[in-house]
Amino acid sequence: MTTVNNTRQPYILEQARRRDRQRRLWQICGRLGLYGLLVGVSLWYMAPLFWMFMSSFMPLEQVGIFPPEWIPRQWQFHNYTDALDFWDFGNSLKNTLIITIFSLIGDLASSTIVAYGFARFRFPFRDALFLILLATLMLPFAVRLIPVYIAYNEIGWVNTFWPLIAPNYFGSAFYIFICRQFFLGIPQDLLDAAKIDGASEFRIFTQVMVPLAKPAIVVIAILSFQNSWNDFLGPLIYLQDAKLHTLAIGLYKFQSLPGQGGQYHLQMAASVMMVMPVLIVFFMFQKQFIQGANLSGMKG
């Protein structure tokens, strides 16, 4: 009996090794298939951006053909300088930077302070007030457009940057939600230790909570930058003077400027100049953005 078992043991071991190799092979094939699918989906979504970038170097007659061509027949780098001749890019960039920077500061300051209050202070109707705050997310901009415009017009803010900047200093419901969820994930023992050492609430907030909440703050900063940079409807409504127009308004007017007449290759060049700062900011802080987006939903 022992002899039979000894003769079957190499066969059993070989079968086990074969099954193990097959399992690893299936795992490798599954991962390759998954990665291939993800790469294909990524290329599908990146195709319009890639075509816009390549079209900015094409001659006009090549941009509008169908099916589209992806590589310029003749690389025209002067499309960018020609686009700047049609477009007051410098002034529009200055206006956009003013609105974006001050809006970003307001979103970060107000949202973190309000989120800290909802996360750490206990006061009557705290949860009810937080639900009301979240309910404001369901109000579309078009619903409150007319009364808000009337209010800003009464105080003389129309045709100024104030309607685009001031609301950010009163907190955004979505940013407050992100920051509050992150604050709830910070251990209470850490705050108690800071209080025992004599730290005030302001010091705890600025020196303990804010540094620990850096991933969530980066998420808010990127989203705020993107929203302010790409905002079209707000500047279109409140900024009537052409000298106050932002990049989004300038890009919209680009197609109707004198001498423009459907110069799509120049429009693509102008679009690339507007999109590139947002892409650069995202890729610079991509790691922190993903980390903050994951960690901000730890607790409810």
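A pocket, as the word is used here, is an open set of grid points where a 1.4 Å probe fits, with protein on both sides within 12 Å along at least five of seven lines. Keep in mind that you're looking at a predicted model.

**Exercise 1**

Work out how big the largest pocket is and what kinds of residues line it.

*Solution.* Start with the volume: the largest pocket comes to about 1000 Å³. Next, look at its centre. There are 31 lining residues, and those closest to the centre are Phe-141, Arg-144, Pro-167, Asn-168 and Ser-172. Now sort the lining by class: you get 18 nonpolar, 10 polar and three charged residues. Finally, trace the lining back to the helices. At least two residues each come from H4 (89-120), H6 (145-154), H7 (162-165), H8 (173-184), H11 (214-230) and H12 (233-238).

**Exercise 2**

Find which helix gives the largest share of the second largest pocket's lining.

*Solution.* First, the pocket itself: its volume is about 350 Å³. Of its 17 lining residues, Met-46, Leu-49, Val-275, Leu-279 and Phe-283 sit closest to the centre. Then list the elements that give two or more residues: helix H1 (2-55), H11 and H14. Among these, H14 takes the largest share, with eight residues. As for class, the lining has 16 nonpolar residues, one polar and no charged ones.

**Exercise 3**

Decide how H13 and H14 are oriented: roughly parallel or roughly antiparallel?

*Solution.* Take helix H13 (residues 247-254) and helix H14 (residues 264-284): their axes come within 10 Å and cross at roughly 175°. Angles over 145 degrees count as roughly antiparallel, so H13 and H14 are roughly antiparallel to each other. Now see who touches whom. From H13, Leu-247, Ala-248, Leu-251 and Phe-254 meet Leu-266, Gln-267, Ala-270, Ser-271 and Met-274 of H14. Sorted by class, that contact holds seven nonpolar residues, two polar and no charged ones.

**Exercise 4**

Now try H4 and H10: what is their orientation to each other?

*Solution.* Begin with the axes. Those of H4 and helix H10 (residues 201-212) come within 12 Å and cross at roughly 110°. The range from 65 to 115 degrees counts as roughly perpendicular, which means H4 and H10 are roughly perpendicular to each other. For the contact, Thr-112, Ile-113, Tyr-116 and Arg-120 on the H4 side meet Glu-201, Ile-204, Phe-205 and Met-209 on the H10 side. By class, these residues split into five nonpolar, one polar and two charged.

Notes. Residues numbered from 1 in each chain as written. Predicted model: local features only at pLDDT ≥ 70, side-chain atom pairs only at ≥ 80, totals over all residues. Heavy atoms only, no water. Axes fitted to C-alpha atoms, helices over the stretch in contact; angles between N-to-C directions. Helix = DSSP H or I, 4+ residues; strand = E, 2+ residues; numbered from the N terminus. Parallel < 35°, antiparallel > 145°, perpendicular 65-115°, else oblique. Contact = heavy atoms within 4.5 Å. Nonpolar A, V, L, I, M, F, W, Y, C, P; charged D, E, K, R; others polar. 1 Å grid on protein atoms, 1.4 Å probe; cavity = no way out; pocket = protein on both sides within 12 Å on 5 of 7 lines; lining within 4 Å. Points joined across faces, edges and corners; volume = space filled by probe spheres on them.
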